[in-house]
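Visitor: I would like a brisk tour of this model. Please show me the structure before we start.

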Amino acid sequence: MASWNSLQLEITYRVMGWMAFTCWSVGFYPQVILNFRRKSVVGLSFDFVVLNLTKHSSYLIYNATLYFSSAVQKQYWEKYGSGQMIPVAVNDVAFSAHAVLITAIILFQIAIYDRGTQKVSKIAIGIVVAVWLGAAVCFFVALPTHSWLWLINIFNSIQVFMTVVKYTPQAFMNFMRKSTDGFSIGFYLLDFSGGVTNYAQMAVLSIDQDSWVNFFGNMGKVLLSLISISFDLLFMCQRFLLYPAKKAPIPPPPPQITSKGSLEPLLQSSSSASPTHTV
């Protein structure tokens, strides 16, 4: 098992990891709070949330299995070399577990708050069913030979696929509505920060080990960061450039009330200011 060559880089790696955890985890809460305050989920894509739950569940299976299972770690070292470090950190496991929990809470909000005419599309339901059926088939394929590393890499590939798929409905909804109202700005700003720090964490590990194997060993984490950054930039463009929030009109000042209690107009016309002369 490999060890760190630089204490400074090890500390940087851990700090970057928990920064990514904080940004990505806190990024869920603006949407939860927004839904709670509005008592409505109109403007939030339900497909996004449903697909997100499948995505994070798949990622949790990958992270937790590779981090805790000695059998899977052994297969990893057999494939990539015994001198390589496991490319999953404890912050990855913590993030995945938290993401599954908070996404389930958002689904509960969808169930109890005003939804308008929105609903989960049949396409999203079909994708989720197909993904889990495919995962079940892969499990029975891996079972006879105990190809667990191959199996969890399937789940890692699922989370990459779902990352692309989950963002698309929200981007499309923003385009169709020509508005980002109902979709929390805090979510994608923090999501962007999490993607940058997550990628930086892997870069630090590669620099310390003088090897880019961890990128190939956990390509899902790399693609997760790059895809998240790309879509977050799109959401920022929609929010600030394409569909900026409209400012509420300023109401006119109330009419002045005289001491006699009668309403006095603020402006008098010139005709009413002087008496009318008849010929």
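Visitor: At roughly what angle do the axes of helix 8 and helix 10 cross?

Guide: This is a predicted model, where local features need pLDDT of at least 70, side-chain atom pairs count only at pLDDT 80 or more, and totals for chains, interfaces and linings use all residues. Residues are numbered from 1 along each chain as its sequence is written, and side-chain values use heavy atoms, without hydrogens or water. Helices here are DSSP runs (H or I, at least four residues), numbered from the N terminus. With axes fitted to C-alpha atoms over the stretch in contact, and angles running from 0 to 180 degrees between N-to-C directions, the two axes come within 8 Å and cross at roughly 150°.

Visitor: How are helix 8 and helix 10 oriented to each other, roughly parallel or roughly antiparallel?

Guide: Angles under 35 degrees count as roughly parallel and over 145 as roughly antiparallel. Contact means heavy atoms within 4.5 Å. Residues making the contact include Phe192 and Tyr199 of helix 8 and Leu226 and Phe235 of helix 10. Helix 8 and helix 10 are therefore roughly antiparallel.

Visitor: Which residues of helix 4 are buried?

Guide: Buried means under 20% relative accessible area, exposed over 50%, partly exposed in between (1.4 Å probe, protein chains only). Ser70, Lys74 and Glu78 are exposed on the other side of helix 4. What covers the buried residues includes helix 3, helix 7 and helix 9 (213-217). The buried residues of helix 4 are Val72, Gln73 and Tyr76.

Visitor: Is Asn63 buried or exposed?

Guide: Asn63 lies in helix 3. Asn63 touches Val88, Asp92, Val93 and Ser96, not counting residues up to four places away in sequence. Its relative accessibility is 0%, so Asn63 counts as buried.

Conventions: Helix = DSSP H or I, 4+ residues; strand = E, 2+ residues; numbered from the N terminus. Parallel < 35°, antiparallel > 145°, perpendicular 65-115°, else oblique.
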